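Trainee: I have a model open and would like to learn how to read it. Could you take me through it feature by feature?

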Amino acid sequence: MSAFKSDFLRIMSERGFIHQISDESGLDQLFAKETVTAYIGFDPTAPSLHAGGLIQIMMLYWMQQTGHRPVALMGGGTGMVGDPSFKEEARKLLTVETIQSNIDGIKQVFSSYLNFGDGPRDALMVNNAEWLLPLNYLEFLRDVGQHFSVNRMLAFDSVKQRLDREQSLSFLEFNYMILQAYDFVELNKRYDVRLQMGGSDQWGNIINGIDLGHRLGTPQLYALTTPLLTTSSGAKMGKSLGGAIWLNADMLSPYDFWQYWRNTEDADVGRFLKLYTTLPLAEVSRLASLGGSEINEAKKVLATEITALLHGRAAAELAAETARKTFEEGALAETLPSVDVANSTLEAGVGILSLLVTAGLASSNGEARRHVQGGAVRLNDQPVSDERRSVTLQDLSPENVIKVSLGKKKHILVRPA
């Protein structure tokens, strides 16, 4: 590990964010002597980012905390093309309206981590549609396209892997690399951006931008990439059996978000505490060294700290308390996630399979049936073995709710509406 002089790179190194840097000493000197502006690009392919993007958001957070200026670049322009990097097939093309709606949703997350404004260290959110949509194609080909070698672009791992699988790579996507490189140069001109950060799969694209900047006369630009993260068992970050771990509260409740991190594998606790929380490293080491059942206390701290950064301390502590009541006391916690079902539906009776789907505990009746047959479903803490079981107003608890459970850790309250 290099002994970095600048606060930002030292923190990045100590907490495990660094995979590659294009020029370590040059970038370290730049951070040590001036306020640096750096950016990370985010594709607005959904109305929310998921937990897989948290490592990038935390880098922008530490940029600002160490006195520098972070830029979150929304790919409103490039999102119309789609990033082919390490994808097995072309992405579905999005309309301008869908992209804008997604950007509006994603903005909500960043305000939890960054302070936006007009000051020299205030964060910026920029949309590359500003300069990409008005581009004159022939001028762009002449001024920018001439600097790109197709031979070199074919040598990038992200492209080679796609071609090796004999998946077609469209000309549309091939342009993505050029557009991303152009973004870096344009951001340097407009906002004095000197560094682009991203996952290790973006290395080739970022280096393209540095080379283009060199040819077009920008100051020296830099690249910093993070390791591609998986859990210890090899699962992709940000995904669970129930689907993506979304960051927007309207797509995943703070309680379910807390639960995702509470279920972290033992071997990942120390690494995730470093990456996703702001706890001092001495405290991280203490928590990571806990053994046996005590590691569960460290997981609760991990879940609460990550949830507090995103959803606020009150929501995080409420999620922790809800989990404690549900799992440790066996009590019915009124703050569990809930779903409303029409009073008339419950009066007539609703099938348990249909209710599991409505509650989001199964994606189909077939999946719900398998859960019942496997003995994983409980109604008001009583096992359900009959897949034809009808749920009615008679099942309401004294608290006027019906508790539907899948396994030991997923609980939804059904409320008559």
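Mentor: Start with the naming. Helices (H or I, at least four residues) and strands (E, at least two) are DSSP runs, numbered from the N terminus. This is a predicted model, where local features need pLDDT of at least 70, side-chain atom pairs count only at pLDDT 80 or more, and totals for chains, interfaces and linings use all residues. Residues are numbered from 1 along each chain as its sequence is written, and side-chain values use heavy atoms, with hydrogens and water left out.

Trainee: Where is Thr307 found?

Mentor: Thr307 sits in helix H14.

Trainee: Is Thr307 buried or exposed?

Mentor: Buried means under 20% relative accessible area, exposed over 50%, and partly exposed in between (1.4 Å probe, protein chains only). Thr307 has 0% relative accessibility, so it counts as buried.

Trainee: Which residues does Thr307 touch?

Mentor: Contact means heavy atoms within 4.5 Å. Not counting residues up to four places away in sequence, Thr307 touches Pro254, Phe257, Trp258, Gly312 and Ala316. Glu305 is in H14 too, which covers residues 295–311. Glu305 counts as buried at 16% relative accessibility. Leaving aside neighbours within four places in sequence, Glu305 contacts Thr277, Leu279 and Arg313.

Trainee: How do I check the length of helix H3?

Mentor: Compare its reach with the expected span, which is 1.5 Å times one less than the number of residues. H3 (residues 54–65) has 12 residues and reaches 16 Å from first C-alpha to last, close to the 16 Å expected. H3 is mostly covered, with 11 of its 12 residues buried. Among them are Ile57, Leu60 and Trp62. Just after H3, Gly67 takes a positive phi of about 90°.

Trainee: Which residues touch the most other members of the largest nonpolar core?

Mentor: In soluble globular proteins, nonpolar side chains tend to be buried together. A nonpolar core is a set of buried Ala, Val, Leu, Ile, Met, Phe, Trp, Tyr and Cys residues joined through side-chain atoms within 4.5 Å. The largest one here has 71 residues, and Phe110, Met197, Trp261 and Tyr276 touch the most other members. H3 gives this core its largest share, nine residues. Leaving aside neighbours within four places in sequence, Phe110 has contacts that include Ile57, Leu60, Ala72 and Met74. A second, separate core of 29 residues includes Leu132 and Phe184.

Trainee: How many bridges join strand S2 to S3?

Mentor: Two strands pair if DSSP finds at least two bridges between them. Six bridges join S2 (residues 37–42) to S3, and the two run parallel. Tyr39 has Val71 as its bridge partner in S3. The chain goes from S2 through H3 to S3, a right-handed β-α-β crossover. Right-handed means that, with the strands pointing away from the viewer, the path from the first strand over the helix to the second runs clockwise. S3 also pairs with strand S4 (residues 124–127), parallel, over four bridges. Six of the six residues of S3 (residues 69–74) are buried, so the rest of the structure largely encloses this strand.

Trainee: How many salt bridges does the structure hold?

Mentor: Side chains of opposite charge can pair when their charged atoms come close. A salt bridge is a side-chain nitrogen of Lys or Arg within 4 Å of a carboxyl oxygen of Asp or Glu. The structure holds 15. One of them joins Arg190 and Glu186 (2.9 Å, N to O). These two are four residues apart in helix H9 (residues 171–191), about one helical turn. Arg190 is partly exposed at 39% relative accessible area, while Glu186 is buried at 9%.
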